[in-house]
Protein chains: 2
Amino acid sequence: MNEIPYKIYLNENEMPDKWYNVRADMKKKPAPILNPGTLQPVTIDELSAIFCRELAEQELDDTTAYFDIPEEIRNFYKMYRPSPLVRAYCLEKKLGTPAHIYYKFEGNNTSGSHKLNSAIAQAYYAKKQGLKGVTTETGAGQWGTALSMACSYFDLDCQVYMVKVSYEQKPFRREVMRTYGAQVTPSPSMNTEVGRKINAEFPGTTGSLGCAISEAVEAAVSQEGYRYVLGSVLAQVLLHQSVIGLETKAAFDKYGIKPDMIIGCAGGGSNLGGLISPFAGEILRGEANYDIIAVEPASCPSLTRGVYAYDFCDTGKVCPLAKMYTLGSGFIPSANHAGGLRYHGMSSVVSELYDQGIISARSVEQTNVFEAAEMFARVEGILPAPESSHAIRVAIDEALKCKETGEAKNIVFGLTGTGYFDMVAYEKYNNGEMTDYIPTDDDLKKSIDTLPKVDL
Amino acid sequence: MNEIPYKIYLNENEMPDKWYNVRADMKKKPAPILNPGTLQPVTIDELSAIFCRELAEQELDDTTAYFDIPEEIRNFYKMYRPSPLVRAYCLEKKLGTPAHIYYKFEGNNTSGSHKLNSAIAQAYYAKKQGLKGVTTETGAGQWGTALSMACSYFDLDCQVYMVKVSYEQKPFRREVMRTYGAQVTPSPSMNTEVGRKINAEFPGTTGSLGCAISEAVEAAVSQEGYRYVLGSVLAQVLLHQSVIGLETKAAFDKYGIKPDMIIGCAGGGSNLGGLISPFAGEILRGEANYDIIAVEPASCPSLTRGVYAYDFCDTGKVCPLAKMYTLGSGFIPSANHAGGLRYHGMSSVVSELYDQGIISARSVEQTNVFEAAEMFARVEGILPAPESSHAIRVAIDEALKCKETGEAKNIVFGLTGTGYFDMVAYEKYNNGEMTDYIPTDDDLKKSIDTLPKVDL
């Protein structure tokens, strides 16, 4: 038997007690986020009107390398962490590759994804600040589920604006959220001014993520004791998600393994940023070198085909502007089932690391992604989320290259979650009805042309 | 900090390498299963026509205490085992109980339940025998999913007859099975004689589990190189599921803990039998004492209100007869969402242990079960399957008794799986639309009166 077990579990006392802020090691920092009204860098006071104070501080702090993980959060983490770093022996055998494939599996919790790592942190700071509750939006429901679980744990009110079409057509995640005590409102609703306005203007509309964000932000600022929370894109979220990378590195270190290649799917960048942070830090400090690959859908290729510019983080244009690789906030990705990767932009931190050449990017088509997902499920036993399967696709491609060259590379990828609530997409694939969609240059130009003109 | 971690994980080299057959330690053995045609004990040859040879041997062997777990199966187990034994610190705190609550969590695999433990064993022996494939039936789809995963791993054909109403109304599990390469056929189908007959007699019928079993058995015996497999009730299944109890005991032993009370939900008895086997063995050998409780739904109370007699294992009356606690194979349990507990009888092994007073039984109503499920989900972070939640209910009740008496009992229960595919039931509960159903004595008398007259 090989000495490396199928699953490397850290002990609870080996879990990280600090999050790592990769911005601290970046000589050139990500550009500051801007107030959408003034187009000037947001101040801590402006940001604290929307987000909890301590989270706003984390958001703006690009020099502190480590933040203590409060004990209450560490205790919650222990309910589902440390997550296993799995050696994909069966996949290696199936591929006949000399490569050693590992994956960090974040799906063993009821939210089904890594989102819980930041949800619990954001709920904790809201509770600590004495708030009554938080508001957020959710599309397919992964983030909303994670936040519901976190708020239930800290006995916080949780108001989720769920895109109406998902609310009606994907009732299962909605019911998970309700089981955890969240108020789930189909958006656009009649609860908010913006919701009433949209309902009046477009009767019968099934909603959009942009509209749901606008409602959630309005609900937060118009209720005493509420703040808005967000599950990706933000630097604070990447900070919390660094627990993924720190555990991965600790598990590798325990067995004296150095990964050659680190692969993660990238939508808003929360999982990728979290997974790679400590490794990118080593590169930035000149201590090591890794081949880091962000994988995005060909249908929504912000890194590989977008521009690096200031843009609105939301289609409703109520959130701060960020400098990022973007397709334009008006870009509407079609026909892609990986809901978590359908974001027009990319975390500022990930964007800046990409711009500096610390990481590379690759786009993949969804039928190829589902082919990889099915192969992985059959040999590794885990039915992966469509989002995660983007990383699986590239990991398999790289392992097959190793088969040709004979290299025994150590490849690790982030398996962000499970696909149990994505069976409609799998059904399409099983029935041979799935198609690919790649936007034309003209499509992209149209939305990129709508970028705000920001002159700092 | 308490010395006992939130999750006790055994190392892979501490996993059991043998299954334990509790029948070996029973002085009075479970009664033999009977050929439904002759009403005489089935012979190994008769049984081998339906089941794989080695599985038939395991079924009939009530003297061998330990069976080696083949290396191929142990390797598969390593993909999702050892499963964690979790200390429910958060639930204890919520209840304010001095009791120490533990649960053995079997839901961290894509089948979402413990069923995979036996599915992989049955697929292995089918492969070893050189078969082309296996057939089975599935209701809600938990067993079918587990079997699909197992067959996919060993590259065996997997034919699943799924009750038509579930096939149509619960498409998600169907698609998981298809993703793992299974052929899923709505039952009654036109593939089999019995299916065609039922379709002709009852046009538009939505099927039943009894009918699906009959089709699966016919498909197995009428195709060269196929055998039928079953996910519960059988002694071979309890043997494979003993891995649950053996791991639980090893984890307790590692920390020097002796459980006072062992609680499991009981439908056909596979989970309960597996969880309690090594503990029941100690009782049978006079080495220890434990309070073992089987929990069943009040809507389908085979142990608490059934009779101990020979009965058909299936409503189609094609499978062998077994002596068991039963409500009569014609009993149709209504209005209970825990599909896995809707079985008219109970494993012969569990029935005999119950008859000998080694274990006790309790029935609970489903609204109380979902109340416990919701409380558990909110504090422990895992959304439990309705089946598993029966055990949660009694564990909470017992922990609350400890609160009154001040006893610090060690309570362990089996958390057999997750409820991600049961959100329709949770939705009913969330909407306050769930009701309880308890059969009247007359209801039970009617179906019990239909028991076959067997005179050995």
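How many nonpolar, polar and charged residues does the lining of the second largest cavity have? Hi everyone, let's work that out together. Please keep in mind that this is a predicted model.

The second largest cavity holds about 170 Å³ of space. Its lining is made of 21 residues, and those nearest the centre are A:Lys7, A:Asn108, B:Met79, B:Tyr80 and B:Asn108. By class, that lining has 13 nonpolar, six polar and two charged residues, which settles the opening question.

Now for the largest cavity, with about 330 Å³ of space. Here 34 residues form the lining, and A:Tyr80, A:Asn108, A:Asn109, B:Phe105 and B:Asn108 are the closest to the centre. Sorted by class, the lining of the largest cavity comes to 19 nonpolar, twelve polar and three charged residues. In total, the count is nine cavities of 30 Å³ or more.

Let me move on to a sheet in chain B. It is an open sheet of four strands, paired in parallel, and the order is β8-β7-β6-β9. At the edges you'll find β8 (183–187) and β9 (226–228) of chain B, each pairing on one side only. On average, neighbouring strands in this sheet are turned by 25° against each other, ignoring direction.

One residue to look up is B:Tyr161, whose bridge partner in β8(B) is B:Thr185.

Finally, look for helix α10 of chain B, residues 209–222: this helix lies across β6 (133–138), β7, β8 and β9 of chain B, and runs at about 170° to β6(B).

How values were computed:
Residues numbered from 1 in each chain as written. Chains lettered and ligands numbered in written order. Predicted model: local features only at pLDDT ≥ 70, side-chain atom pairs only at ≥ 80, totals over all residues. Heavy atoms only, no water. 1 Å grid on protein atoms, 1.4 Å probe; cavity = no way out; pocket = protein on both sides within 12 Å on 5 of 7 lines; lining within 4 Å. Points joined across faces, edges and corners; volume = space filled by probe spheres on them. Nonpolar A, V, L, I, M, F, W, Y, C, P; charged D, E, K, R; others polar. Pairing = 2+ DSSP bridges. Helix = DSSP H or I, 4+ residues; strand = E, 2+ residues; numbered from the N terminus. Axes fitted to C-alpha atoms, helices over the stretch in contact; angles between N-to-C directions. Contact = heavy atoms within 4.5 Å.
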